[in-house]
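Colleague: Could you walk me through the ligand site and the aromatic pairs in this one?

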Amino acid sequence: MTHVPAAEKAQRERAEYLRSELERHNYAYYVLDAPTVPDAEYDRLFGELQALEERFPVLATLDSPTHRVGGSARGDLTSVRHAVPMLSLSNGFTDEDVTAFDRRVCDFLGVDGDVEYNAELKFDGLAINLRYEGGLLASAATRGDGATGEDVTPNARTIAAIPLRLKTAQPPAVLEVRGEVVMLHRQFAALNARQRARGDKEFVNPRNAAAGSLRQLDPRITAQRPLSFFAYGIGESSTAAPLPLTHSGLLDWYEELGLPVGQVRTVTRGAAGLLEFYHRVGAERAGLAYDIDGVVYKVNDIALQVRLGFVSRAPRFALAHKFPAQEALTTVENIEIQVGRTGAITPVAKLAPVFVGGVTVTNATLHNEDEVRRKDVRIGDTVTVRRAGDVIPEVVGVVLERRPAAAREFVMPPYCPVCGSEILRLEGEAVARCTGGLFCSAQRKQAILHYAQRRALDIEGLGEKLIDQLVDSGLVKTPADLFNLKIEQLVELDRMGEKSAQNLINEIERARTPELARFVFGLGIRHVGEATARDLAAHFGSLAALMDASEEAMLEVRDVGPVVATSIRHFFDQPHNRDVIAQLLERGVQPRTLTVIPASARPLAGKTFVLTGTLPSMARETAKALIEAAGGKVSSAVSAKTHYVVAGTEAGAKLAKAEELGIAILDQSQLEDLLGQASSGPTT
Ligand code: 5U1
């Protein structure tokens with residue numbers, strides 16, 4: 001008899017404890033989608049178990065979570081014959097296909113009333129058979145041709161959503177669980193971002209990514225790919241206890257065993273119940289975390305399933321009700337550009353009409369110039385187009401082997417097709433923009449809305465709906481036209497009484513003498529937000545000085561770097577923009593000029609403040625404006641670069657951080673003292 005020393009017993013118990021904890025956290029994270037511990041704690045437990053198993057290899061078990069990291073690469077995936085064939089499903093596409101299916105079932109069973117069905121999602125991934133022996137994952141195989149698949153056991157072990165041991169004290173001798181390996185949308189996006197960063201080829205869709213990841217020869221690669229799994233079927237089984245009597249009962253049992261099961265499922269009756277499920281899922285589809293390509297209906301009673309049997313290779317008891325395909329092939333007839341409301345230029349593929357996602361698509365976005373290059377889309381190419389839900393159709397990829405010799409590359413035009421202004425792509429930006437700004441009709445409404453908003457000219461009552469009417473009726477083309485509006489014109493508009501019209505005219509009148517900073521902000525120059533507009537106004541003092549300033553002169557302004565300076569210079573160099581500004585001035589708009597205060601005379605220059613909590617009698621906005629007027633900067637986060645934290649009541653984490661970093665903390669009166677010193681200097 002072997003003697004087990006106490007120390008070894010303790011190590012074994014510790015290893016068992018760590019394994020069960022890690023599996024518990026895995027289950028909570030991957031199956032329940034409700035993590036129980038932070039990632040760092042998981043990593044700590046994992047590290048401890050790994051170290052234990054390395055020191056005492058006898059402690060390592062087949063179901064240890066440490067095996068999920070993947071073993072060594074193989075030369076080939078070996079073929080395995082399925083103990084029970086993996087069947088496919090008959091497809092239906094229309095409501096009539098579903099009523100016909102239900103009628104066939106009723107006729108076959110000789111049932112007069114409604115048959116009970118289980119309705120669930122049809123996951124768009126890769127089908128897999130997981131074989132558990134004595135509750136432990138023994139092997140995993142892809143569907144292959146249904147009779148023979150590929151052995152992907154080491155790969156499947158790396159998928160955290162697949163339990164290595166079933167959660168039961170009395171495991172079945174054999175249980176083959178069938179389901180789908182999928183990649184969640186967020187996992188897919190992260191994987192493609194990684195591929196992009198490394199310069200590797202991106203995956204076309206989550207299904208390809210899941211299939212490519214599972215069928216790797218090197219399981220260490222699979223281990224790095226974020227895969228999920230959903231169970232929905234059963235293969236060979238040998239259990240002491242009887243199996244569930246219904247399909248919904250089987251899915252419930254799987255959940256108890258720790259297997260992930262799709263949460264969107266229902267038990268319903270008759271064709272009407274099935275169609276209701278289909279339409280409900282169709283409406284919710286775009287919000288799901290993974291791709292589905294339809295729903296699956298199965299007669300719920302397993303005994304009835306057995307009676308119904310099979311036709312060729314598909315069960316008579318089930319139907320896949322497919323959604324319209326979300327991807328289709330078509331050809332790119334041209335690549336044109338579209339000008340957005342902010343001037344952003346989007347290349348758009350003009351396509352040979354194709355039916356996809358339930359509609360005929362003729363345009364697909366190519367997002368930006370870099371995207372066109374990255375996907376290498378050329379005029380004449382055959383491309384895969386995707387339209388998911390209400391999402392704008394997009395070109396997913398090119399079928400290179402079908403590229404004609406005459407395929408032409410896209411060239412970004414130098415001028416805006418709408419207004420003729422120059423198209424400019426600033427350094428470091430993905431998007432090219434029309435520089436027409438105030439003039440470009442594609443940007444007109446947006447430009448006027450921006451000009452009139454509270455933080456700019458603050459023309460109360462001039463909102464989106466009214467601007468739509470003013471522009472659509474041709475009364476207003478640029479912000480300058482606002483100052484020509486007559487009350488008689490306004491009362492003609494929808495929902496505009498005499499009083500509102502008069503109020504609006506008064507508001508416009510008031511906006512004739514804006515602060516220079518608000519006026520500059522209102523122009524909508526790219527990269528010029530409120531703070532930069534204030535700095536520019538304070539630095540140059542007048543609109544004329546700002547409009548004539550060189551880029552070098554602009555670089556002297558606080559927080560203005562080369563990108564911002566180029567953008568401002570470019571804006572004022574556009575004849576269209578100069579024209580609109582000239583019209584504004586002609587129509588009596590007079591930005592209030594400022595006395596320029598040298599930076600040295602602004603006592604809070606170079607000081608960064610953070611405001612937190614509620615001050616006794618000063619609104620946060622006021623405190624911010626006063627600090628900035630004195631040359632200080634207000635930031636939202638406390639860091640080592642913060643000079644002062646102004647704290648009121650209910651100041652929380654920011655105050656604590658300031659204390660921790662030893663930053664000076666001011667109350668309202670101390671801030672006022674500081675500002676008082678500041679305001680004894682020159683003022684604007
Ligand atoms: N949800 C679900 N998907 N799916 C796919 N159930 C389901 N059943 C299938 C397939 C191929 O086949 C049955 C015959 C088990």
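This is a predicted model: local features need pLDDT of at least 70, side-chain atom pairs count only at pLDDT 80 or more; totals for chains, interfaces and linings use all residues.

Colleague: Which residues are around the ligand?

Modeller: Those around the ligand are Leu87, Leu89, Glu120, Leu121, Tyr232, Val296, Lys298 and Pro315, where a residue is taken as near if one of its heavy atoms lies within 4 Å.

Colleague: And which atoms of lysine 298 and leucine 121 lie 2.8 Å from a ligand nitrogen?

Modeller: For lysine 298 it is an N or O atom in the side chain that is 2.8 Å from a nitrogen atom of the ligand, whereas for leucine 121 a backbone N or O atom lies 2.8 Å from a ligand nitrogen. Glutamate 120 has a polar side-chain atom 3.0 Å from a nitrogen atom of the ligand.

Colleague: How much of the ligand does the protein bury?

Modeller: The protein buries 84% of the 380 Å² that the ligand exposes when taken alone, with areas from the Shrake-Rupley method and a 1.4 Å probe.

Colleague: Switching to aromatics, how many pairs are there?

Modeller: The count comes to 10 aromatic pairs, the rule being ring centres within 6.5 Å for Phe, Tyr and Trp (its six-membered ring), with planes under 30 degrees apart called stacked, over 60 edge-to-face and the rest tilted. One of them is the tilted pair of phenylalanine 230 and tyrosine 290, at 5.0 Å centre to centre and 55° between the planes.

Colleague: Where do those two sit?

Modeller: Phenylalanine 230 lies in strand β8 (residues 228–238) and tyrosine 290 in the loop between α9 (270–284) and β10 (292–299), so the pair ties together parts 60 residues apart in sequence. Phenylalanine 230 is buried at 12% relative accessible area, and tyrosine 290 is buried at 10%, buried being under 20%, exposed over 50% and partly exposed in between.

Colleague: Why is the pair of tyrosine 451 and phenylalanine 519 called edge-to-face?

Modeller: Their ring centres are 6.1 Å apart and their planes are at 85°, so the pair is edge-to-face. Tyrosine 451 is in helix α12 (residues 444–452) and phenylalanine 519 in helix α16 (residues 516–522), 68 residues apart.

Colleague: Last one, where is glutamate 8?

Modeller: Glutamate 8 is in helix α1 (residues 6–31), and at 30% relative accessibility it counts as partly exposed.

Terms used. Residues are numbered from 1 along each chain as its sequence is written. Side-chain values use heavy atoms; hydrogens and water are left out. Helices (H or I, at least four residues) and strands (E, at least two) are DSSP runs, numbered from the N terminus. Buried means under 20% relative accessible area, exposed over 50%, partly exposed in between (1.4 Å probe, protein chains only). A polar contact is a pair of N or O atoms within 3.5 Å; within protein, one must be able to donate a hydrogen and the other to accept it, and residues adjacent in sequence count only if both atoms are side-chain atoms.
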